[in-house]
Amino acid sequence: MRFRHRRTAAVAALAAVAVLGLPACSAVLGEEESVLDAASLTIGVKTDQPGLGLEGADGDITGFDVDVALSIAEKLGFSEEEVELTGITSAEREDRLVNGEVDMVVATYSITPARKTEVTFAGPYYVAKQDVLVRAENTDVQGVRDLEGLRVCQGEGSNSAARITEGLGIDVRKTEAPSYSACVDALREGDVDAVSTDNLILAGYLAENPDAFRFVNNPFTDEKYGVGLPYGDVRACEAVNKAISEMYQDGTAEELLNTWFGETGLDVVTRVPQFEGCDST
Amino acid sequence: MTATGSTSEHGPSSSSRRGEPRSSPHRDRGRRWTETTPARLWLLTSVCVVAIVGLFGSAASTLGHAREGLHVLGRDAGRQAMATTDLYLALADMDARVADVLLMGTDHDLGSGREDALAHYEASRARANEALLQAASLTEGDSVEEHNVQAVLDGMGAYERLATRARLLNDEAQAPPGRVDAAALDAYREATHLMHTGLLPKAFNLGLDSSAIVRANHEEGRESVAIGLVWVGTVGAVAVAALIGLQLYLRVRFRRRFNAPLLVATAGTALLTAGVVLALTSSGGHQSEAKEQGLDAAMALSRAGAIATDMQADQSRYLLDPDRADNHQQVYLARAQQVLYRPAGNLEEYYQAIGEVAAAYPELPGSGGSDPEDPGTLGYLGQRAQDALLPGQEDALAGVLESYDALQTEDRRLRAASEDGDLAGAVDIRMGVAHSGDGAFQAYETALAELIDLHEGAFAEGIERGDAVLAPWTWLLPVGTLLLLALVGLGVRPRLAEYR
């Protein structure tokens, strides 16, 4: 992260104050540093999530999250050359933001009160909901309650099955696979009866294989996908919120949702989500 | 000042010096005059006067900035920001009342009654319209926000049509309490979906945007005052230095120990500079306090009230729409955790955790950081509890937490009754919670309003104090400046008179 504007004025002013011994403190001077002031923007995205952020054979990363990230960066005033995309896994999102390796994270990153103690979230740019994916020929499952007694797969490190068993008190047979890709494979093979996680993630798999699976389309939780920013970067957060509002107003969001999930039968919401707010509460 | 060294051979009486043969007479005369004592005296005096006038200028302009910052925060931006937060609350309340009326069905006397619910609906509608008009004037010129205001205006019409249809269909079907007519439910689903995807998010974002404007104004104002402070300090120091220089020059040239008026002027300049710097710093402190402890806190708590309004309405939605009950229950928990967060995987865990918070306060569970899995007590109320600083705030906050806990206790009873198949009992509990006289939600709102009042009071007080600190300087600065100039004149005039 390089800085376009050195805050020389502030520094000089501070020096002058120090020399003159005036009672003023540094906090009074200037705004805080922001990723907005940098000459380039490094954005962390997923590389293994079809439809959201997937690295192709040619090394290009594509998906809904990627396009959202690029659109936001453009609206913030960064040209294409000034934006660098880098792969990021779920586990390393906080660390790489905190140590400054990435300036922004757009990677199916759910806003939670606990995470908000470490990361400032703009957005959400989309509110995903937990839903259920079954094989196309399975018409018995019409809602999450119909999963009672069935085999439900969750990706390693995920909490989605617990939301069914503990959150809703439904008794399902939990199985775990290394990733949701593996879960979807197991579903195709008939080794499990259902996969349950955020509907955008499920839609991504469905889009790859629309005839094999069916969406239950009876969502039961809200997952607010936020734009992760360095903690306390309120200025950037407000600017990103504005960019997201614009994205919905000028039709970009709807277009992107249709591009990536239009074929899947997912009920997408094409209106701007309720933002979280940029302060740390 | 070193000027005295090079001309030390000239006493006050040797007012001229022989010119060099080659220079033109004209230039010669000019140089001769500038090197005379009266010329130097005039020059030094002018420097002092300019510096004092400069001090006046920089101080007046910075005091002006500071005053303007206070007024923008206190009179305009702050109040408008509060108005936009009210829009969300009014809209959420409208949808809550519609859900309650549908849930009551034919029993018009449940809770505080159908008429009461409809009257509240109307009142909230009027409030929403008023807040929208205010927001429209506030967001003029900002295309993104203007667009949002327009969308909410349009959406309100559509929402009202759907809500009215749902109510009429339910009335026509003579639906009993708790068993909403299927067609009415369809219309209500559409209405509440529109409210929650089209209206409330935009209203909430408008409120956030007003906060952002307030923050940007505040930061900008602070920055310009900080720069002004440096100017005042620098110019003040220059003025003091010039006055001391003049004093030293007089001492060397005229062999006088002290020039009393100049001495007083020097001290006065230092005092004036220090006074202005002190006033600006202290008023800035009051302004920041007004913003953080006053406005920001009041806005955060207003949001806690608005989200809770939507949350308690999820109870009605949970009861009237069994097919989506799971979703409404999860969303209830999600909204509750926005208001007051404790780690909890389901409502049962949440009820328990909230009970612990209310019991332990002012201690906050999980705040020690001893458990890496426990981020502490968070959300709008949790954050407030962490920052509680105002006198009386602790008691008021304790009241809010207790009433919030009581609200959750009612929620637990409601869901237990519903799960046991006691629909009538569950509807009864729900209408009791929503009772506009002594319901659990009303109690929570009352307690919250008391706490918000404290913060609004702190806001007004901070602005007032900041203003009070600056007020005397409107006359102190010009009077002080004139006095200093007069003192300089008084100190220099007798010496200049020696050359007439």
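This is a predicted model: local features need pLDDT of at least 70, side-chain atom pairs count only at pLDDT 80 or more; totals for chains, interfaces and linings use all residues.
Chain A is divided into two domains. Domain 1 is made of two segments, residues 34-127 and 224-264, and domain 2 covers residues 128-222. The C-alpha centres of domain 1 and domain 2 of chain A are 25 Å apart. Where the two domains meet, 14 residues of domain 1 of chain A are in contact with 15 residues of domain 2 of chain A. On the domain 1 side, strand 7 (119-135), strand 12 (222-230) and helix 8 (252-261) of chain A each contribute at least two residues. By class, that side of domain 1 of chain A consists of seven nonpolar, five polar and two charged residues.

Strand 7 of chain A also holds A:Pro124. The peptide bond leading from A:Gly123 to A:Pro124 is cis, with omega near 15 degrees. A further backbone feature of chain A is found at A:Thr108, which is not a glycine but has a positive phi of about 40 degrees. A:Thr108 is placed in the loop between strand 6 (104-105) and strand 7 of chain A.

Chain A contains an open sheet of three strands in the order 2-3-4, and the pairing is antiparallel. Strand 2 (48-49) and strand 4 (61-62) of chain A are the edge strands, each pairing on one side only. Strand 3 (residues 53-55) and strand 4 of chain A run antiparallel and are joined by two bridges. For A:Glu55, the bridge partner in strand 4 of chain A is A:Ile61. In general, strands of a sheet pair through backbone hydrogen bonds, either parallel or antiparallel.

In chain B, helix 7 (residues 260-320) packs against helix 8 (residues 325-339), with axes that come within 9 Å and cross at roughly 160 degrees. The crossing angle is over 145 degrees, and helix 7 and helix 8 of chain B are therefore roughly antiparallel to each other. Helix 7 of chain B passes helix 8 of chain B in a left-handed crossing. The residues that helix 7 of chain B brings to this contact include B:Ala304, B:Ile307, B:Ala308, B:Met311 and B:Tyr318, while those of helix 8 of chain B include B:Ala325, B:Val331, B:Tyr332, B:Ala336 and B:Val339. Among the charged residues of the contact are B:Asp310, B:Asp314 and B:Arg317 of helix 7 of chain B and B:Arg335 of helix 8 of chain B. By class, the contact between helix 7 and helix 8 of chain B has 10 nonpolar, four polar and four charged residues.

Helix 7 of chain B also packs against helix 13 (residues 440-470) of chain B. The axes of these two helices come within 8 Å and cross at roughly 165 degrees; helix 7 and helix 13 of chain B are therefore roughly antiparallel to each other. The crossing of helix 7 and helix 13 of chain B is left-handed. The contact between helix 7 and helix 13 of chain B comprises 18 nonpolar, 12 polar and four charged residues.

Chain B has a cis peptide bond between B:Tyr361 and B:Pro362, with omega about 10 degrees. B:Pro362 is located in the loop between helix 9 (347-360) and helix 10 of chain B.

The contact between the chains takes 41 residues from chain B and 38 residues from chain A. On the chain B side, two or more residues come from each of helix 5 (143-172), helix 6 (182-254), helix 7, helix 8 and helix 10 (379-387). Helix 6 of chain B gives the largest share of that side, 20 residues. The side of chain B that touches chain A has 19 nonpolar, 16 polar and six charged residues.

One helix pair that spans the two chains is helix 7 (residues 234-249) of chain A and helix 5 of chain B, which pack at an angle of about 55 degrees with their axes 10 Å apart. Helix 7 of chain A and helix 5 of chain B are therefore oblique to each other, and their crossing is left-handed. Here A:Lys242, A:Ser245, A:Glu246 and A:Gln249 of helix 7 of chain A meet B:Val144, B:His147 and B:Asn148 of helix 5 of chain B. By class, this contact has one nonpolar, four polar and two charged residues.

How values were computed:
Residues are numbered from 1 along each chain as its sequence is written. Chains are lettered from A and ligands numbered from 1 in the order in which they are written. Domain bounds come from an automatic or database domain assignment. Two residues are in contact if their C-beta atoms, placed from the backbone, lie within 7 Å. Helices (H or I, at least four residues) and strands (E, at least two) are DSSP runs, numbered from the N terminus. Axes are lines fitted to C-alpha atoms, for helices over the stretch in contact, and angles run from 0 to 180 degrees between N-to-C directions. Angles under 35 degrees count as roughly parallel, over 145 as roughly antiparallel, 65 to 115 as roughly perpendicular and the rest as oblique. A crossing is left-handed if the near helix is turned anticlockwise from the far one by less than a right angle, and right-handed if clockwise. Two strands pair if DSSP finds at least two bridges between them.
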